[in-house]
Amino acid sequence: METVPNGRQGQLAMEEAAIESRKLGQHISQQFDEELDDIRNKVLTMGGLVEKQLSDGLKALMTSDSELGRRVVDDDHRVNALEVEIDEECTQVIARRQPTASDLRIVVTIIKTITDLERIGDEAEKLGRFAAELADTGGSVDEGMLLGVQHLGDHVRRMLHDTLDVFARLDADTALRVANEDVQIDPEYDAVVRQLITHMMEDPRSIRGVLSVLWCVRALERVGDHSRNICEYVVYVVEGRDIRHTSLEQVARTLGKDADKK
């Protein structure tokens with residue numbers, strides 16, 4: 001029977017320990033990746049609920065559908081429950097895994113994203129609530145006045161859809177383009193508000209109904225703001241840059257210079 005010198009035995013033991021350590025590290029890393037994937041999928045599920053809530057709320061407003069409006073309000077609890085669930089899972093990941101660098105940025109971004117998604121759900125709930133109240137009280141707004149609201153709503157809805165797509169793909173370049181949509185939404189919002197105020201001045205009997213629509217228009221504008229926030233978080237994940245309170249033109253130039261250096 002061949003004997004192994006003590007020094008050699010120690011070296012073999014160290015090599016085996018190193019191999020086991022690498023295997024354990026790979027296993028833990030794989031588990032962490034799976035946990036993050038599961039959380040991101042839940043965020044996208046939450047986003048899908050919010051997107052439907054927004055679409056239904058806008059439809060309820062346009063068609064004076066009080067039943068659909070009330071369903072939009074009732075569905076808000078599902079969005080809230082998902083926010084709490086995802087937030088708790090992120091907290092557990094931070095406590096157990098102690099992520100650093102890009103992994104930590106992803107977890108932080110998810111926590112911020114679900115906050116904005118929950119607030120988008122709140123704005124959609126307002127659409128449903130005001131649509132139901134408007135229909136139940138017999139309030140009405142001239143169809144011509146609603147054309148601008150419909151156009152603004154469609155724009156905001158597309159922006160939210162593109163935002164969720166950007167989050168799913170972690171596409172920083174497209175995130176900047178989608179975030180810039182908010183710049184176009186703001187003047188649309190101002191134009192619709194002026195139009196509705198003019199309508200109230202010309203027909204005082206419409207004041208009650210138009211005020212409800214004004215609140216809905218404000219809610220749509222806020223959805224654009226929250227969508228922009230999520231796009232900015234995506235840039236933070238990919239580029240490691242916090243671009244809040246920075247002009248998008250400046251960010252695009254900076255990122256372009258960095259790309260040229262590479």
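Residues are numbered from 1 along each chain as its sequence is written, and side-chain values use heavy atoms, with hydrogens and water left out. Because the model is predicted, local features need pLDDT of at least 70 and side-chain atom pairs count only at pLDDT 80 or more, while totals for chains, interfaces and linings use all residues.

**View A. A salt bridge between Lys 42 and Glu 85.** The closest N and O atoms of this pair are 2.7 Å apart; a salt bridge is a side-chain nitrogen of Lys or Arg within 4 Å of a carboxyl oxygen of Asp or Glu. Lys 42 belongs to helix H1 (residues 6-63) and Glu 85 to helix H3 (residues 76-97), so the contact ties together parts that are 43 residues apart in sequence. Helices (H or I, at least four residues) are DSSP runs, numbered from the N terminus. Lys 42 is buried, its relative accessible area being 18%, whereas Glu 85 is partly exposed at 36%. Here buried means under 20% relative accessible area, exposed over 50% and partly exposed in between, for a 1.4 Å probe and protein chains only.

**View B. A salt bridge between Asp 165 and Arg 169.** The N to O distance in this pair is 2.9 Å. Both residues lie in helix H5 (residues 143-169), four residues apart, which is about one turn of the helix. Asp 165 is partly exposed at 35% relative accessibility, and Arg 169 is also partly exposed, at 44%. An α-helix has 3.6 residues a turn, so residues three or four places apart point the same way.

**View C. A salt bridge between Arg 218 and Glu 221.** The closest N and O atoms are 2.6 Å apart. The two residues are three apart in helix H8 (residues 207-239), a separation of about one helical turn. Arg 218 is partly exposed, with a relative accessible area of 36%, whereas Glu 221 is buried at 6%.

View D. Across the whole structure, the search finds 16 salt bridges.

**View E. Helix H8 and the residue that follows it.** The end C-alpha atoms of H8 are 48 Å apart, in agreement with the 48 Å that its 33 residues should span at 1.5 Å a residue. This expected span is 1.5 Å times one less than the number of residues. Gly 240 follows H8 and has a positive phi, near 70 degrees.
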